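Student: I would like to work through this model with you. Can we take it one question at a time?

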Amino acid sequence: MVIVVFGVLLAAAGCKNKVTKAECARIVEHFIDLKLKENPKYTSLSAALKATVRAQVKQEAQSDPDVQQAENRCEDEITRTEFECASKAKTAGEWNDCIN
């Protein structure tokens, strides 16, 4: 009985620390923001052009293996530690370094 209760508590604790689909989407959007921030040309664009460029950068990011992992296998493969690190990253390179 004690082993069963301990197993249930351990499983519940593991689920609580899993990264959610919404969190996965947030770190991918953060990566896109970082990529755009690193391009000085982006800041001088009109709102309409910024939206177009953002869509292009997002499409290009799809080829990044870490972005693919965050989008396709995030809930199974991204740890809470990786998520927290990527959320706080100041550059796209730092973001990539967070995702293993």
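Here are some questions on confidence, a helix, a pocket and a loop residue.

Student: Which helix has the lowest confidence in the protein chain?
Tutor: This is a predicted model, with an average pLDDT of 85 for the protein chain. At least 70 is reached by 84% of the residues. Helix α6 (residues 80-88) has the highest mean, 96. The lowest mean, 47, belongs to helix α1 (residues 2-16).

Student: How many contacts beyond four places in sequence does the model have for residues 4-14?
Tutor: Over residues 4-14, pLDDT stays under 50. Where pLDDT is low, predicted coordinates should not be read in detail.

Student: Why are the buried residues of helix α4 on the same side?
Tutor: Helix α4 spans residues 65-72, and its buried residues are Asp-66, Val-67, Gln-69 and Ala-70. They sit on the same side of α4 because the arc they cover around the axis is only 160°.

Student: Which helices do the buried residues of α4 pack against?
Tutor: Start with the other side of α4, where Pro-65 and Asn-72 are exposed. The buried residues of α4 pack against α2 (21-37), α3 (47-61), α5 (74-77) and α7 (92-98).

Student: Which residue caps the N-terminal end of α4?
Tutor: Look at the backbone nitrogen of Asp-66. A side-chain oxygen lies 2.7 Å from that nitrogen. The oxygen belongs to the capping residue, Asp-64.

Student: Which helix supplies the largest share of the lining of the largest pocket?
Tutor: The largest pocket has a volume of about 190 Å³. Its lining has 14 residues, with Lys-35, Leu-36, Asn-39, Val-57 and Glu-60 nearest the centre. At least two lining residues come from each of α2, α3 and α7. The largest share is four residues, from α3.

Student: Is Arg-73 buried, partly exposed or exposed?
Tutor: Arg-73 is in the loop between α4 and α5. Buried means under 20% relative accessible area, and exposed means over 50%. The relative accessibility of Arg-73 is 36%, so this residue counts as partly exposed.

Student: What separates the C-alpha atoms of Arg-73 and Lys-21?
Tutor: Leaving aside neighbours within four places in sequence, Arg-73 is in contact with Gln-68 and Ile-78. Lys-21 is 52 residues from Arg-73 along the chain. Between their C-alpha atoms, the separation is 9.6 Å.

Methods. Residues numbered from 1 in each chain as written. Predicted model: local features only at pLDDT ≥ 70, side-chain atom pairs only at ≥ 80, totals over all residues. Heavy atoms only, no water. pLDDT = per-residue confidence, 0-100. Contact = heavy atoms within 4.5 Å. Buried < 20%, exposed > 50% of the residue type's maximum accessible area, 1.4 Å probe, protein only. Arc of directions from axis to C-beta. Polar contact = N/O pair within 3.5 Å; in protein donor to acceptor, adjacent residues only side chain to side chain. 1 Å grid on protein atoms, 1.4 Å probe; cavity = no way out; pocket = protein on both sides within 12 Å on 5 of 7 lines; lining within 4 Å. Points joined across faces, edges and corners; volume = space filled by probe spheres on them.
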